[in-house]
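Subject: Structure for you to look at

Hello,

Here is the structure I said I would pass on. Please open it beside this message and follow along; my notes come after it.

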Amino acid sequence: MSEKLYTAEIAPGVWQIGENEPGETPVDAYLILGSEQGLVVDALFFREDLYETVRKLTPLPLDLVLTHGHPDHAGRSVEGFLKAGCPVWMDPADHELLAHMPGAPDLSRLSPLKAGQLFELGGRRLTVIPCPGHTPGSVVLLDRAWQQLFSGDSVGSGQFWMQIDGCLPLKEFSRSLDRLWDEVEDLPLLKIYPGHRFQSPVQLNLQYLEDVRTITRHLADGSWEGEETVMEFGGSLLPYRHLAYGMMLDYCYDPKRLG
Ligand SMILES: [Zn+2]
């Protein structure tokens, strides 16, 4: 295991905290600091020391929000936040998914995230916007004033997995993206901070979101189709289709799950 987590202040009061274990896709959590309160977005995969790492950056009270129930975002570090008495929030629609993952936290100790829920940090505010698709309970967090969107895996990060079990049909995801677009289309400087930030060679922005929305709409209505391919996943071969468009480098989907 690497010695330290990667930490960098990527915008005023916003820290990217990354886990980069050999053989694994690097994964990121974020710490957002207001004057009164801190908000941690996601809890990494294998590392258990995210709480201690955050504590070195701030003494403020903390909430932890899990953007979805995949184990590389709701991993072993959840326990440290629960032990410290911090509320840990997740959309209950992902409980079933997370319950089947090895090392899952005690789900009865998680607090239920709600659409429109606000996290008031003192001088900055984040709003919870559900974005079901990658998982049924995927959410994003929007800071309108700073034009920042913390997106987990909800819209991918240059590569996007919609081909695995638990992903919703693309028609349903397309409706989620339309609702999300309504919330952000007036934010031209929007910066998207995803759960795997270094997967994309560039800073993701509003154009990226528009590209994801365009691909999803065309795939869902059958007007576009990706190339067939196969990957090894969970010990077996998983056939799927994929395509690139605009800033989206690799959109992976299951052709049997369009609508
Ligand atoms: Zn995921």
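Four strands make up an open sheet in the order E12-E17-E16-E15, and the pairing in this predicted model is mixed. The edges are taken by strand E12 (159–162) and strand E15 (227–233); each has a single partner strand, so one side of each is left without a neighbour in the sheet. From one strand to the next, the twist averages 35°.

Strand E8 (residues 118–120) and strand E9 (residues 125–130) run antiparallel and are joined by three bridges. Phenylalanine 119 has leucine 126 in E9 as its bridge partner. E8 and E9 form a hairpin, with four residues between them. In the turn, glycine 122 has a positive phi of about 90°. E9 also pairs with strand E10 (residues 139–143), again antiparallel, over four bridges. Here threonine 127 has leucine 142 in E10 as its bridge partner.

Then there is the core. Which residues have the most contacts inside the largest nonpolar core? They are Tyr30, Val140 and Leu141, in a core of 66 residues. Leaving out residues up to four places away in sequence, valine 140 touches Thr67, Ile129, Cys131, Leu149, Phe150, Ser151, Gly152, Ser154 and Leu180. As background, nonpolar side chains tend to be buried together in soluble globular proteins.

Last, look at alanine 115, in the loop between strand E7 (111–112) and E8. Is alanine 115 buried or exposed? Alanine 115 has 11 other C-beta atoms within 10 Å, and a residue with 12 or fewer counts as exposed, so alanine 115 is exposed. Not counting residues up to four places away in sequence, alanine 115 touches Val128 and Pro130. Serine 35 is 80 residues from alanine 115 in sequence, and the two are 24 Å apart in space, C-alpha to C-alpha.

Regards

Conventions: Residues are numbered from 1 along each chain as its sequence is written. This is a predicted model: local features need pLDDT of at least 70, side-chain atom pairs count only at pLDDT 80 or more; totals for chains, interfaces and linings use all residues. A nonpolar core is a set of buried Ala, Val, Leu, Ile, Met, Phe, Trp, Tyr and Cys residues joined through C-beta atoms within 7 Å. A residue is buried if 20 or more other C-beta atoms lie within 10 Å of its own, exposed if 12 or fewer, and partly exposed in between; C-beta atoms are placed from the backbone. Two residues are in contact if their C-beta atoms, placed from the backbone, lie within 7 Å. Two strands pair if DSSP finds at least two bridges between them. Helices (H or I, at least four residues) and strands (E, at least two) are DSSP runs, numbered from the N terminus. Axes are lines fitted to C-alpha atoms, for helices over the stretch in contact, and angles run from 0 to 180 degrees between N-to-C directions.
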